[in-house]
Amino acid sequence: MKPPQDPVEIPVGYRALPGGSTDRIQQRKVTPADGDAPPWHADTKFTVVGTDVDRVDGLNKASGRAKYAYDQNFPGLLQGMILRSPIPRGKLTRLDLDAARGLPGVGAVIALKKVGNKVRFVGDAVAAVAATTLDLARDALAAITAEYDREEHNVDWSLAEGAPQLDQDQQIVDAWSAHDGIEQALAAAKVTLDATYRTEVQTHSPLEPHGGVAKWDGDDLDVWLSTQATFGVRGQLASAMKENGIPVGNVTVHAEFVGGGFGAKFVAGIEGVAVCRLAREAKAPVKLMLDRHEEHTTTGNRPGALMQMRGGLDADGRIVAFDWRSFGGCGFTGGGGGIAYPDYYLGKAQSREPSHQDLAADTDPARPMRAPGHPQGWFGAELFFDELAHAAGIDPLTFRLDNDAETTRQDQWRFGADRFGWQQLRARQNAPGARFVRGVGLASARWGGMGSAGRPAFGITCRIHPDGSVESRSGAQDLGTGLKTVMAVLTAEELGIPPTMVKATAGHTSDPNGPASGGSTTTPSLAPAIRHAAFLAGQQLRELVAQHLGVPQQEVVCKDGKVGTAARSLPWQQACKLVGPNPIEAHGTRFNNFGRGFMASVCGCQFAEVEIDTWTGLVAVKRMLGVQDCGLVIAKKLAESQVLGAMIQGVSYALHEQRRMDQRSGRMLNGDFLRYKIAGSEDLPELECHMHSIAIGHNSVGAAGLGEPPSVAAAAAIANAVFHALGIAVRHLPITPDKVLNALAKKKA
Amino acid sequence: MTDRITTHQDLLPKDACPQLGMKHLLAHAMGERVFDQRQWPGDGFYWCNRTCTCVGPDDEIVHPRECRPGRPCYDGPQA
């Protein structure tokens with residue numbers, strides 16, 4: 001390994017936000033890896049980075065030219081379907097596939113369970129078929145004989161063994177275990193509160209369901225999957241085909257366009273394995289995409305949560321005691337229900353290790369969903385703190401400013417409150433007896449997502465062609481968040497050309513190694529490699545231009561569409577003619593981070609205004625404002641799109657989404673978009689966001705995660721606004737009309 | 001609040017089966033800080049690469065606590 005470059009000192013941090021107190025700039029000494037580009041910092045002047053660049057594949061997506069897994073078609077393609085268990089718990093006692101195999105048009109029938117295997121939820125996969133049409137595939141499923149020994153089941157996680165006892169108001173009644181420090185602090189507190197908060201199971205609803213298309217050529221397998229992890233599922237499928245002796249190198253995964261993924265698409269899933277096995281058995285390409293009901297019932301979910309807190313404030317509004325216990329409402333694995341909460345408010349409060357227990361039920365298991373454990377925990381805690389502050393007569397913003405330990409968020413609170421008009425809106429009084437009442441609320445967000453180098457290190461290929469066009473290629477997937485646009489912007493910035501000259505390609509495992517899109521790490525992990533590839537390719541071009549112009553190579557730069565020195569330069573297109581018949585090709589590497597940068601956590605906050613019809617109980621979110629950092633803002637419009645999308649998802653989570661199970665049959669009652677309501681265009685508020693760009697200085701670019709952080713605060717801010725409007729908290733998401741009317745009746749009583 | 005940072009890698013048993021899958025492994029985020037008090041790494045959603053589901057080849061649930069030497073389907077270097 002070559003030694004690193006000499007250390008350099010760079011300014012990191014950010015300039016004062018309007019309403020914020022001051023510049024937050026620090027000098028930081030960093031040591032770039034040998035051959036890496038000089039690190040960008042707080043004083044770097046950008047041409048393309050941070051501007052309103054359009055999504056590079058936006059037109060293809062909007063016009064239908066983008067080809068998703070669903071869109072892949074080949075001659076002789078068969079349609080795959082899965083036979084699923086009708087019972088929630090038991091054992092498979094008989095499986096006869098012969099009749100299905102004998103049907104005309106059926107190319108393959110495979111077992112996904114063996115006789116004697118457990119069945120763990122309604123929808124558990126039992127067998128799969130491939131036939132020339134979906135109708136024939138349905139006929140084949142109907143011809144399969146599957147018999148089960150049924151066992152006693154429970155699909156209500158709140159009734160599971162270990163679940164706490166609840167009163168009629170859904171408050172936990174079990175006593176807290178004693179803790180001297182907390183008891184004493186509560187006894188001395190000015191105000192105290194003990195309350196329980198609940199959220200329901202939220203199913204995954206990406207536009208493109210799980211599934212894919214598999215095509216064999218001998219022992220070589222090409223798979224088009226809707227996935228968040230091209231390289232991950234490639235290895236999984238090879239493992240799953242181990243009995244066929246298929247090495248990983250024989251498998252190529254394609255996911256150039258993905259119709260959304262919020263955490264449920266890291267594993268190929270039984271549908272991914274099934275489509276590959278069906279295609280091998282049928283000796284024909286097979287497509288197997290789940291339908292919406294399968295998507296709701298078999299591809300995971302954000303688990304439900306019960307969260308009880310007790311705490312107290314002193315006379316100065318500081319938290320002096322805090323206690324937490326929670327329960328996650330999970331599926332059959334009894335895992336995945338962990339909950340996080342905003343501990344940055346707690347300061348020196350008396351507290352202890354939080355208690356948490358996951359509860360199992362005979363349903364589809366939990367899977368990660370955009371900021372796992374966070375929206376539910378922030379909803380509970382932020383509403384709890386608002387209730388505490390209200391009891392003490394303290395404004396919620398003042399409470400945050402007095403207790404939030406994060407300096408960056410302190411600036412964001414002040415900036416956001418000013419922009420939102422917090423003071424005026426909070427002071428506004430609803431007319432006594434008014435049918436429609438309004439309220440405003442706020443909540444915070446935190447996330448990690450600083451990115452990593454990967455093992456082996458992530459890479460990017462950059463090519464400069466003699467015609468002046470540029471390629472940037474990654475094998476990682478762009479699941480819709482805009483990786484390709486990030487590639488185009490960073491490459492363009494480094495080479496001094498417009499992003500429209502960069503063709504960015506992602507999602508084929510034949511291209512360089514990249515991460516799964518999870519934990520908001522894709523951009524922070526890949527951005528330095530994208531830049532490094534462009535830097536190295538540019539270096540080769542600069543050498544050619546220096547020789548051609550007879551100028552010192554170290555003085556040559558790529559800037560403003562030219563390559564050369566201040567005195568002598570060539571337009572980009574002319575310079576590229578020096579390249580020759582084959583392109584310049586460079587492989588960029590993702591080096592390790594320098595160490596901790598300006599910050600270790602992403603910060604943000606959101607404000608919401610609601611209007612409630614007190615006659616019907618309907619809540620309408622009228623307006624939301626998000627303030628969000630993510631390190632360097634690379635593409636402003638894309639970044640804003642992430643925040644706005646998260647707020648929309650927050651509206652949906654706060655007001656609508658709830659899986660409903662039938663305890664008797666074990667089935668989901670609302671497994672479609674007719675009865676499982678997600679927010680539509682008429683439910684959406686006026687949305688505004690402000691991206692807070694920060695120079696982190698932890699690598700050559702300094703990007704941090706953005707996919708998940710803005711989804712942490714949204715539901716909490718809405719719930720707090722409902723509390724403000726009604727004067728009584730609704731402690732149970734989603735805030736449906738029945739809960740609002742019950743809360744109003746309780747208040748009246 | 002404490003200054004000690006726990007990462008997901010800290011919570012993964014060193015002898016866990018290599019076929020054990022989780023989001024943080026694929027996202028190369030095992031070095032990320034764990035913000036809450038979970039006992040096990042990742043988000044609690046685990047799968048087996050050989051089945052691509054939460055149930056292993058032995059028809060039992062996949063979990064870092066269970067996917068260790070001694071399980072019939074264990075596929076680690078000590079198998």
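This is a predicted model: local features need pLDDT of at least 70, side-chain atom pairs count only at pLDDT 80 or more; totals for chains, interfaces and linings use all residues.

Residues are numbered from 1 along each chain as its sequence is written, with chains lettered from A and ligands numbered from 1 in the order in which they are written.

Q: Which element gives the most to the side of chain A that touches chain B?
A: Contact here means C-beta atoms, placed from the backbone, within 7 Å, and 47 residues of chain A meet 29 of chain B that way. Helices are DSSP runs of H or I, at least four residues, and strands are runs of E, at least two, numbered from the N terminus. Two elements of chain A give two or more residues, α5 (230–240) and α6 (269–282). With five residues, the top contributor is α5(A).

Q: Within what arc do the buried residues of α9(A) fall?
A: Buried means 20 or more other C-beta atoms within 10 Å of a residue's own, with C-beta atoms placed from the backbone. In α9 (396–403) of chain A, that gives P396(A), L397(A), F399(A), R400(A) and N403(A). Taking directions from the helix axis to the C-beta atoms, they line one face of the helix, because they fall within an arc of 160°.

Q: Which residue of β27(A) stands opposite G439(A)?
A: Strands pair if DSSP finds at least two bridges between them, and twelve join β19(A) to β27 (602–613) of chain A, running antiparallel. Opposite G439(A) stands V610(A).

Terms used
Two residues are in contact if their C-beta atoms, placed from the backbone, lie within 7 Å. A residue is buried if 20 or more other C-beta atoms lie within 10 Å of its own, exposed if 12 or fewer, and partly exposed in between; C-beta atoms are placed from the backbone.
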